[in-house]
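Here is a briefing on one structure. Look at the sequence and the model first, then read the points below.

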Amino acid sequence: MTEWDDQRHEMVARQIAGRGVSDERVLEAMREVPRHLFVGRGMEQSAYSDHALPIGEGQTISQPYMVAVMTEALSLTGAEKVLEIGTGSGYQTAVLAGLADRVFSVERIEPLARRARELIDELGIHNVSVRVGDGTIGWKEFEPYDRIIVTAGSPEVPQSLLEQLADPGILVIPVGPASIQQLTIIDKRDGVVAERRAGGCTFVPLLGREGWGPEREGIY
Ligand code: SAH
């Protein structure tokens, strides 16, 4: 094993399994994906530490523990079509790609989407599509999605995402004011939508038509 592999195994043992994430497939995926390639330039040495890190364009790669919690909440078996909003570095995308059948990911900042695409290609991952655009309105072309994950904080659950969620389906999204959100897990089954909260979290804002749109700018 290389030094990076050691650090990654240690990260999973201490920060993730050690804090109660138990889905073995999630743990294994996070032992596999080389997180140090996804962090901002010069940040490699901190890649396996317990926090979010800058990736450029004012955005961040999420804390490893948060990636694990959100991924576990999706209950992926390998057969699912997943929509991800907020590609960012592409790290969460790569984790999802190893656990689902197909991943569609939307990012509003073009240089981030391009870099993520390159990295995903370099890693030989072939079940990911990345698009530049406003993910608050989903990705209509390929709906419905068995799972949807939003990795930016939203004032409320975008209606378009609820509509593009399959039945049965699970949607995971941080909801609430800019300063702190609640990780919200939405379960759609037999036409009924149930919602539960899984704790506080802080994400960069989801900017767009059904997120923090221009009409809400004053709140920021
Ligand atoms: N999952 C990412 C986290 C990136 S941070 C990672 O592991 O690196 C959240 C990302 O959401 C940022 O890149 C930001 O540009 C993006 N974002 C914010 N609003 C968006 C929107 N409406 N549509 C798509 N992406 C959005």
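Strand β2 gives the largest share of the shell around the ligand, three residues. This is a predicted model: local features need pLDDT of at least 70, side-chain atom pairs count only at pLDDT 80 or more, and totals for chains, interfaces and linings use all residues. Residues are numbered from 1 along each chain as its sequence is written, and side-chain values use heavy atoms, with hydrogens and water left out.

**The shell around the ligand**

- The shell holds 27 residues; Ser89, Glu107, Asp134, Gly135 and Leu207 come nearest.
- Two or more residues each come from β2 (59-61), β3 (81-85), α4 (91-97) and β4 (102-107). Helices (H or I, at least four residues) and strands (E, at least two) are DSSP runs, numbered from the N terminus.
- By class, the shell has eleven nonpolar, twelve polar and four charged residues. Ala, Val, Leu, Ile, Met, Phe, Trp, Tyr, Cys and Pro count as nonpolar, Asp, Glu, Lys and Arg as charged, and the others, Gly among them, as polar.

**Polar contacts and burial**

- A polar contact here is a pair of N or O atoms within 3.5 Å.
- The side chain of Ser89 places an N or O atom 2.6 Å from an oxygen atom of the ligand.
- A nitrogen atom of the ligand lies 3.3 Å from a backbone N or O atom of Arg108.
- A polar backbone atom of Leu207 is 2.6 Å from a nitrogen atom of the ligand.
- Alone, the ligand exposes 570 Å², and the protein buries 99% of that. The areas come from the Shrake-Rupley method with a 1.4 Å probe.

**Salt bridges**

- The count is ten salt bridges, each a side-chain nitrogen of Lys or Arg within 4 Å of a carboxyl oxygen of Asp or Glu.
- Asp50 pairs with Arg19 in a salt bridge, with the closest N and O atoms 2.4 Å apart.
- Asp50 is in the loop between α2 (24-32) and β1 (53-56) and Arg19 in the loop between α1 (3-16) and α2, so the pair ties together parts 31 residues apart in sequence.

**Backbone features**

- Most residues other than glycine have a negative phi, and most peptide bonds are trans.
- Glu143 and Pro144 are joined by a cis peptide bond, with omega about 0 degrees. Pro144 is in the loop between β5 (128-132) and β6 (145-150).
- Another cis peptide bond joins Asp167 and Pro168. Pro168 is in strand β7 (residues 165-175).
- Glu57, in the loop between β1 and β2, has a positive phi near 60 degrees.

Definitions and conventions. A residue is near a molecule or strand if one of its heavy atoms lies within 4 Å of it. A polar contact is a pair of N or O atoms within 3.5 Å; within protein, one must be able to donate a hydrogen and the other to accept it, and residues adjacent in sequence count only if both atoms are side-chain atoms.
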